[in-house]
Amino acid sequence: MIDEESKSKDCREMKPFIFLLPLFMISSQGFGKRPNILFIFSDDHAYQAISAYGSNRNKTPNLDRIANEGMRFDRAFVTNSICAPSRAVVLTGKHSHLNGQLTNMETFDGSQQTFPKLLQKAGYQTALFGKWHLKSSPTGFDFWEVLRGQGPYYNPLFITPKGNKNISGYTTDIITDRTLDWLKNERNSEQPFFLCSWHKAPHRNWLPAPKYMKKYDDQDIPEPETLRDDYRNRLSPASSQTMTIDKHMRDDWDFKLTTPKGFNNEQKRIWEAVYEPKNKAFREAKLKGDDLLKWKYQRYAKDYLRCIDSVDENIGRLLHYLDKSGLAENTIVIYSSDQGWYLGEHGWYDKRWMYEESFRTPLMIRWPGTIRPGSVNMNLVQNLDYAQTFLDICGTDQPMDMQGRSLLPLLKGETPDDWRESIYYQYYEFPGYHNVRRHYGVRNHRYKLIHFYMIDGWELYDLEKDPQELNSVYGEPAYAKITEELKKELSRLRKEYKVPQDTRPLPNKIRKLF
Ligand code: CA
C-alpha cells in the first residue's frame, strides 16, 4: 500500500526545487527522484524451495509477493557457483578470472572498482548488513556490519568499522533488525540509498529458529526424482564427488544427532527439548539402507526449509516497513541468492556444478510503476549483470570494463534484439571441498556443453529432452552438428570474456588421479 498522504506531502515539499537543482540533488523522497534499492541476498537458496518458482516442498508467501508484484527471472544463472566468487562477480561485474576471486580461498581485493563505490560517487548512500564472506573489509559502503566468515545461526559476532560486537539471538532476525534500524534511524533521508540485507541462511549447517523447529514434523517433504541417481551416462566427475546426502553428510554437523555448539543456555534448552526426542526415536529405529537415506533426506530438507521460513518471514518484515513508511513506491526490491543449491537432486547437497540446480539462482525484482506485476522473464541473465543493472537504474555510467549487461530494458518489458543467446560458466575450486572437478562450459536456451578440462572430457545435455541432465549425448551422431556449433560458441565466449587457460598446478597427490 502506498501512503498517499506522505506521497503528496513529499511532492509539495519538492516542487520549488525541481527547476533549481540537478536531478541528482533532488531528495530520494521527492518527485523526479532516483529510486532506492533494497538488495536482499541469501546464501545457497535453491529456487526449488521458493513457491513462486513452483516448489512442491514449501510455501514462501513473502518471497512470492516480490514475484507477484514484480518480475521473476526463470533463466537467471551464476558464472561460478560458489559463495565468495559469486559475491565478487556481483560487486565487480566481472568474471572470476578478472576480479581475482576464483575460489573461496582467495582474499577479495577490495581496492578494485565495484558498483557500490560508483554509486557512492553518484550520490547514493550505501549500506550493508549481514554476510560478506570475502575476508577483506567491505569497501564502497558508508555503513557496514558484517558477519565474521560464514557466521553462525545463533548469537553472531559482527565486524564493524568501529570494532566487533556480539548480538544475542537468531542471525536471520538480527540482520533484518539492523537493516530496519538503519532505514528508520540511521540513514540520511536526503539521499537515495542502496541497502544490502545479506543473509547467512540457508547455508549449511541449517539451524532453525526456535519457532520453526517443529514445523514439518507431521509431514514428509517430497523427494526429488533424482535422489537415487546412479551417475551413469556421464563422465567420472559426477560419481567421484563427495557431496551425497547418503554418504557424505555428518551425523553431528549436518544431521545434528548431538547438540550443536554456539547456543546460550536458554537456546540449548529449547533445542534439546525439540530435537532430543526426534534423535532418540531415530536411534531406536536402527534404520538401514534406503530407509536410512529417506530419514537423512527428511532431516536435511526439513532443517533447510525451516531456515528458509525465517528468511521469508523477515522479508515480510522489510516489505511491511516499506509499505508503512511510504518508501515502497520508490524502492526497488531485489531478491537473489549467491547461487542455487541441490536439495537432494542427484542425491546431493551443496553447489559448484554447471548442472542446473546450482548453476541457476533465484532472481525476483519488484519496481512499482516500472515492472509489470506478475511478469516472468525467460532471457538468459547472470549475476554478472547485477552491477551494471544497479548503475543503469541509478542513472550512472557503466564502465566499459564490466562484462555483464544492464537488465533495465528487461525490467521495462523490452528485450533488445541483440540480447545474448548463450552464457559462460567456469568452476575452479579443485582440489577443494566435495571434490568437484574444475570445468567450464556454455549454455544456450536448449543445450549445455561442459568441458571437464583436467581430463579433457566433454558432456552435452539436451535440456528439452533431458531436463534433469541424466544422459550426456556428447559423441552421439545426431548431436554432431550442434556440438560443433557449441564448441565454436564456447571459444567465442572465452575470447570475449578474456578467459586465460587455467594453468594452476595440482598437488602431486591429486595429480595421480588424472
Ligand atoms: Ca553460497
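**Overall fold and selected sites of the predicted protein**

The accessible surface of the protein comes to about 21,200 Å², and 52% of this area belongs to carbon and sulfur atoms. Accessible areas were computed by the Shrake-Rupley method with a 1.4 Å probe, and for residues only the protein chains shown count as cover. The structure is a predicted model, in which local features need pLDDT of at least 70 and side-chain atom pairs count only at pLDDT 80 or more, while totals for chains, interfaces and linings use all residues. Residues are numbered from 1 along each chain as its sequence is written, and side-chain values use heavy atoms, with hydrogens and water left out.

The overall dimensions come next. Along the principal axes, the C-alpha atoms fill a box of roughly 70 × 60 × 40 Å. The radius of gyration, taken over C-alpha atoms, is compared here with a globule rule of 2.2 Å times the number of residues to the power 0.38. For 514 residues a compact globule would have a radius of gyration near 24 Å, and the 23 Å of the protein agrees with this. Of the 514 residues, 61% are buried; buried means under 20% relative accessible area, exposed over 50%, and partly exposed in between, with a 1.4 Å probe and protein chains only. The secondary structure comprises 15 helices and 16 strands, where helices (H or I, at least four residues) and strands (E, at least two) are DSSP runs numbered from the N terminus.

Among contacts with a separation of 6 or more, 69% are between residues 24 or more positions apart. As for charge, the protein has 74 positive and 68 negative side chains, with Lys and Arg counted as positive, Asp and Glu as negative, and His and the chain ends not counted. The centres of the two sets lie 4 Å apart, the place of each charge being NZ of Lys, CZ of Arg, CG of Asp or CD of Glu.

An α-helix has 3.6 residues a turn, so residues three or four places apart point the same way.

Asn80, in the loop between strand 3 (76-77) and helix 3 (83-92), is buried at 0% relative accessibility. Leaving aside neighbours within four places in sequence, Asn80 contacts residues including Pro85, Ser86, Tyr425, Gln426 and Tyr427. Asn80 and Tyr440 are 360 residues apart in sequence, yet their C-alpha atoms are 9.1 Å apart in space. Ile423 belongs to strand 13 (residues 422-427) and is buried, with 0% relative accessibility. Beyond residues up to four places away in sequence, Ile423 touches Phe77, Phe359, Leu380, Gln382, Gly441, Val442, Arg443 and Leu493. By C-alpha position, Ile423 is 31 Å from Phe193, which is 230 residues away along the chain. Glu356, in helix 11 (residues 356-359), counts as buried at 9% relative accessibility. With neighbours within four places set aside, the contacts of Glu356 are Tyr47, Phe77, Arg443, Lys448, Leu463 and Glu469.

Finally, several loops hold backbone features worth a look. Most residues other than glycine have a negative phi, and most peptide bonds are trans. The peptide bond from Ala201 to Pro202 is cis, with omega near -5°, and Pro202 lies in the loop between strand 8 (193-198) and helix 7 (237-240). The bond from Phe430 to Pro431 is also cis, with omega near 0°. Pro431 sits in the loop between strand 13 and strand 14 (439-444). Asn435, likewise in the loop between strand 13 and strand 14, has a positive phi of about 50° although it is not a glycine. Asn435 is partly exposed, with a relative accessible area of 25%. Asp456 has a positive phi near 45° and lies in the loop between strand 15 (447-452) and strand 16 (457-462). With a relative accessible area of 54%, Asp456 is exposed.

Definitions and conventions
Contact = heavy atoms within 4.5 Å.
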